Amino acid sequence: MRRPNRAPPVVAKDGPRTNDEIRNATVQLIDQNGTNQGTVETIVAIRQAIEAGMDLVEISPNASPPVCKIMDYGKYKYSAQKKAAEARKKQKTVEIKEIKLRPMIDDHDYDVKMRAMQRFFEEGDKVKITLRYRGREMAHQEIGTKLLDKIKTDVAEFAKVEQDARFEGRQVVMVLAPR
């Protein structure tokens, strides 16, 4: 019986290959000043990078021959990390806020719900409107349809319908997104 191979899995390196990891015989070299040196043997390119006190970094691995640049890899990685953190900071996650209604809603209650909806749209969130029917209200679905049409017209200036009203059992669901 054969014993299973207990060797650890090969760790996939994230980011471009550098220095001795570049296995091609020749590379298209760009020096630290950004000048194209043409096609150069990899060993010579690595030697030039070491003399400059920098690293040889593979920029475009799929090209033939691959394009490599002499640069400070640590500084490059640090700036890329900072850029990614800045992008994450500026990114806004869109939430879906839910407003629950009943077909026989009173005017004041409707106004309160509309103000909340308007605040959600100003914050950049989507709004899911759930209109729930109970008991005999199912017999008068036209009241709920009129209410949803009224909502559409009232929010038309600052929101658009992303998902039109559709039945899900005893409730109607509609999704609105900010303009």
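Reader: How many aromatic pairs does the structure hold?

Author: Rings of Phe, Tyr and Trp (its six-membered ring) pair if their centres lie within 6.5 Å; planes under 30 degrees apart count as stacked, over 60 as edge-to-face and the rest as tilted. The structure holds three such pairs. In one of them, Phe121 and Phe158 have ring centres 6.0 Å apart and planes at 50 degrees, so this pair is tilted. Phe121 belongs to helix α3 and Phe158 to the loop between α4 (141–154) and β7, 37 residues apart, so the pair links distant parts of the chain. For those labels, helices (H or I, at least four residues) and strands (E, at least two) are DSSP runs, numbered from the N terminus.

One caution: this is a predicted model, where local features need pLDDT of at least 70 and side-chain atom pairs count only at pLDDT 80 or more, while totals for chains, interfaces and linings use all residues. Residues are numbered from 1 along each chain as its sequence is written, and side-chain values use heavy atoms, with hydrogens and water left out.

Reader: What about Tyr133 and Phe167: what kind of pair do their rings make?

Author: Their centres are also 6.0 Å apart, but the planes sit at 10 degrees, so that pair is stacked. Tyr133 lies in the loop between β6 and α4 and Phe167 in strand β7, so parts 34 residues apart in sequence get tied together.

Reader: Is Tyr133 buried or exposed?

Author: Buried means under 20% relative accessible area, exposed over 50%, partly exposed in between (1.4 Å probe, protein chains only). Tyr133 has 2%, so it is buried. Phe167, at 42%, is partly exposed.

Reader: Which ring does Lys150 lie over?

Author: A charge sits over a ring if NZ of Lys or CZ of Arg is within 6 Å of the ring centre and within 35 degrees of the ring normal. Here Lys150 lies over the face of Tyr110, at 4.3 Å from the ring centre.

Reader: On to sheets. In what order do the four strands of the open sheet come?

Author: Two strands pair if DSSP finds at least two bridges between them. The order is β5-β6-β8-β7, with mixed pairing. At the edges are β5 (96–101) and β7 (159–168), each pairing on one side only. β5 and β6 (residues 126–132) run parallel over six bridges, and Ile96 stands opposite Lys126 in β6. Helix α3 (residues 107–122) packs on this sheet, touching β5, β6, β7 and β8 (171–178), and its direction makes about 170 degrees with that of β5. Contact means heavy atoms within 4.5 Å; axes are lines fitted to C-alpha atoms, for helices over the stretch in contact, and angles run from 0 to 180 degrees between N-to-C directions.

Reader: Which side chain joins Thr130 in a polar contact?

Author: A polar contact is a pair of N or O atoms within 3.5 Å; within protein, one must be able to donate a hydrogen and the other to accept it, and residues adjacent in sequence count only if both atoms are side-chain atoms. Thr130, in strand β6, has its side chain joined to that of Glu98 at 2.6 Å. Thr130 counts as buried, at 1% relative accessibility.

Reader: And where is Glu58?

Author: Look in strand β3 (residues 55–60). Glu58 is buried at 4% relative accessibility, and a polar contact of 2.7 Å joins its side chain to that of Arg17.
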